[in-house]
Amino acid sequence: MELTTPTKLEFYDQMLKLQSKAILVHYFKGDDGRKALILDNTIFHPQGGGQPSDTGFICVTDSNLRFCVQDVRSKDGVVFHYGVAEDSSMENELEQGKGKEVILQVDESRRRLNSRLHSAGHLLDVCMRNVGFGHLEPGKGYHFPNGPFVEYKGTVPLNELQNKQREIEIEVNALISKGGKVYATVLPYREAAELCGGSLPDYIHPVSGGYKAYFWTTFVSNTGNNWKTHGNSESDSFHLLTVALFSHPVQGSNPRIIKLGDNPGCPCGGTHVSDVSEILSMKVSQIRTKKGMTKVFYTIGT
């Protein structure tokens with residue numbers, strides 16, 4: 001299937017928006033048998049950056065047809081909404097529906113949990129600096145409900161692990177109790193660097209000025225691999241997603257920065273809470289350090 005114009009990501013600017021309208025661009029059945037909708041814009045967050053995809057419904061305006069969105073992915077900037085029609089006998093409406101208006105509804109509870117876990121991972125980065133681990137460079141994050149963690153480049157002395165685990169947990173819960181507004185903004189490179197404490201990670205090039213919000217399928221297609229044969233497990237796809245999301249500099253683009261309260265910002269393409277206090281609480285369940293890397297595992301309150 002020939003890919004179309006990149007999908008506009010509404011959640012990029014409006015993270016709290018759960019319902020919107022769009023135009024149906026294409027309905028198709030992939031080689032893997034899954035059926036998908038492509039729209040001109042979307043509020044559905046595709047799996048990427050360590051964050052799971054949204055789920056929900058897409059309904060055709062002035063019709064009883066409802067398409068259950070079970071998974072969302074992005075390839076070369078085009079977002080694929082995978083799922084099934086509740087009434088399979090009405091699929092012909094989708095097949096002949098190019099140009100029709102549709103209504104998008106994101107599952108609120110899943111989005112909220114995903115956003116809380118993602119924000120908690122970023123807040124953990126802040127706490128690592130606050131407790132004296134500023135030398136550890138944040139790497140990939142896994143913000144899924146089943147065992148979320150953030151991985152850092154660098155190690156922690158084994159005799160400090162237990163004490164630091166408690167110290168980090170105390171610090172992060174103090175920040176959650178204090179609260180603070182969370183917002184996303186797109187800025188020129190220098191302004192973004194200032195908001196992030198004076199510098200940006202190496203994967204954001206100062207000449208191009210930013211990155212484009214392409215996900216893991218962009219990465220594997222650029223390497224010439226078949227994306228269907230990669231990232232079949234959550235951990236594999238997550239690794240590729242993280243690399244792709246923040247390693248595709250685009251001329252003239254600007255970094256999107258997430259800022260949690262008064263803390264330094266950081267580049268991010270995901271969704272987040274509106275206030276740090278919405279994380280509720282956080283437990284640092286384990287710290288592992290091995291082969292020059294440190295993983296900090298966490299859970300959040302319910």
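1. Start in strand β7. There, Tyr82 stands opposite Ala36. Keep in mind throughout that this is a predicted model.

2. The strand joined to β7 is β3. The two are linked by 3 bridges and run antiparallel. β7 spans residues 78–85, and β3 covers residues 35–39. Is β3 mostly covered or mostly open? It is mostly covered, with 4 of its 5 residues buried.

3. β3 also pairs with β2, residues 19–29. This pairing is antiparallel and has 5 bridges. Between β2 and β3 lie 5 residues, and the two strands form a hairpin. Look at Gly33 in the turn: its phi is positive, about 90 degrees.

4. Backbone hydrogen bonds pair the strands of a sheet, in a parallel or antiparallel way.

5. Now turn to another sheet. What is the order of its 4 strands? The order is β9-β10-β15-β14, in an open sheet with antiparallel pairing. β9 and β14 (282–290) are the edge strands, and each pairs on one side only. On average, neighbouring strands here are turned by 20 degrees against each other, with direction ignored.

6. A helix packs on this sheet. It is α2, residues 108–130, and it touches β9, β10, β14 and β15 (293–300). The direction of α2 makes about 135 degrees with that of β15.

7. Look next at β9 and β10 together. They pair in the antiparallel sense over 4 bridges. Within β10, Tyr152 stands opposite Pro138.

8. Gly147 sits in the loop between β9 (137–142) and β10 (149–153). Why does Gly147 count as partly exposed? Because its relative accessibility is 37%, and partly exposed covers the range between under 20% (buried) and over 50% (exposed). Leaving out residues up to four places away in sequence, Gly147 touches Tyr142 and Phe297. Ser285 is 138 residues from Gly147 in sequence, yet their C-alpha atoms are 9.5 Å apart in space.

9. Last, the whole protein. It has 6 helices and 15 strands. Of its 302 residues, 52% are buried. Take the contacts between residues at least 6 apart in sequence: 71% of them join residues at least 24 apart.

Terms used: Residues numbered from 1 in each chain as written. Predicted model: local features only at pLDDT ≥ 70, side-chain atom pairs only at ≥ 80, totals over all residues. Heavy atoms only, no water. Buried < 20%, exposed > 50% of the residue type's maximum accessible area, 1.4 Å probe, protein only. Contact = heavy atoms within 4.5 Å. Pairing = 2+ DSSP bridges. Axes fitted to C-alpha atoms, helices over the stretch in contact; angles between N-to-C directions.
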